[in-house]
Amino acid sequence: ENTNYPFYKSSKDKGFIEACEALLADKLITLQWWEEDRGQDGFYTIDPGEVAGADYFSASVVTSRGAGKAFCFYHRPDGVVVGFWKNQYSALSPDDGKTWTRIAQNKTLWTCGAKTWAQRTEDGRYAIVHNQSVTRRNRFPMIAITSQDGRMFDDMLCLNGEVPLRRYRGIHKNIGTQYFRGIIEGNGDPPGNDMWIVYSMNKEDMWISRVTVPITGEVKTPVADDFDTAETEMDLKQWNLYTPKWAPIRVLHDGEGNNRWLELRDEEPYDYAMAERIFPQAAVVEIEFRVNAKEAPQGYMLQIEVQDRNGKRPMCLSIDNEWLAADHRTISATAVAIKMERWYTVRLSMDCTAQNYDVYLDGRPAIEDVPFAEKVTSLEKIVYRTGPYRGMVSPEIVDEAVPRSTGLDSEDLPGADEKAPLCRYWIDDVRTK
């Protein structure tokens, strides 16, 4: 009587009724409903609030701490179901959700208050995605840990470490990536072997990450990417691409031969496009690529960095509408005049023993003996970014002594809903040795 749509059993569609009955009988899938329903009529085979509360806290306190929220699960190789809830709570079921062990709080999965996602990946391994937070306050970075057996997880890798500015005023606006959800068992399997994760950025935009499987943080062979065999950016399996809606990255074609290249566009006032390529770790490395500043309004630039595996930045090139400059913590004016809408071949000679690098432009020395800005023992990735580095975060996030912001003590960032002047940069023929 209290609903304005008909009860499913009144349908004349026999197949529809059978589908509803099958879903209601699946105690594993429907356990995801508990967070919104919290029924006490015996429909659920486990009540996260009551079970955890019996040993730890009252049911209301446990529920507020995350037991019962954001349920997900996977099957181990032995057929046992591993159930995950928010804030490190988990339990096991040997019979597809009909019975469960006591819910326990895992002490080694160091999460914060955001949600955790766990699944079996297409290669038969397992992955847990969450915010790795030493302070238990910050909801970044977005990481994945992997497992062979669904029990012991290690090999932590960063999936998304970006923390763009919070653009809009509002209460409880935690910054960073959070509330991760993937594709649960039984909800379909898209083409390919990738892992798909959807999440919120700063509780503002919704993002989707496609994670190449097997999940790995290293490559064994030197880079030799000319993009000629890529139809779209989705084919660039070994590139890490950060692409806001107004700062897309795509593969372009000349329309005649087979020549293709990568384009980084940017009209985003408070974010940027970023393309990152890992290469075999080395202390001495040469990196060569072609670059073309197609559109670069005054004050905007492409930044190019070579980093170590932890993101340390010993150098940075900046390319704008007039200059190529080595400007990361340098004192002297190290810049070379360039022209827009023209291809240049850039070669970087990096030496971690000497702690310096040289820049060659079209085969000729351009900027020499530039000291590293940060000491590194090896190098492992090249980064192309349409905006300046933003490694700093608010002290409220990392320091317990600093009070948390209410979210209502700042105003909307000006022009957040308006596009910035268009920037376009082309990259091609990226090679390392």
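**A sheet, a surface patch and a buried aspartate**

Four bridges join strand β5 to strand β6, which spans residues 126–131, and the two strands run antiparallel. Within this pair, W117 stands opposite V129 of β6. The structure described here is a predicted model, so it is a computed picture that the reader can follow residue by residue.

Attention now turns to the surface. Here V198, M206 and I208 form a nonpolar patch, and together they have about 300 Å² of accessible area. One of these residues, V198, is placed in strand β10, which comprises residues 195–201. Is V198 buried, partly exposed or exposed? V198 counts as partly exposed because its relative accessibility is 32%, a value between the 20% limit for buried residues and the 50% limit for exposed ones.

A residue in another setting is D428, found in strand β26, which runs over residues 423–432. With a relative accessible area of 0%, D428 is buried; the cut-off for that label is under 20%. Which residues does D428 touch, leaving aside those up to four places away in sequence? The contacts of D428 include the aspartates D225 and D226, along with F227. D428 also touches N259, R260 and W261, as well as F289, R290 and W343.

How values were computed: Residues numbered from 1 in each chain as written. Predicted model: local features only at pLDDT ≥ 70, side-chain atom pairs only at ≥ 80, totals over all residues. Heavy atoms only, no water. Pairing = 2+ DSSP bridges. Patch = residues over 30% accessible without salt bridge, like charges linked within 9 Å, V, L, I, M, F, W, Y side chains within 5 Å. Areas by Shrake-Rupley, 256 points an atom, 1.4 Å probe, with all protein chains shown as cover. Salt bridge = Lys/Arg side-chain N within 4 Å of Asp/Glu carboxyl O. Buried < 20%, exposed > 50% of the residue type's maximum accessible area, 1.4 Å probe, protein only. Contact = heavy atoms within 4.5 Å.
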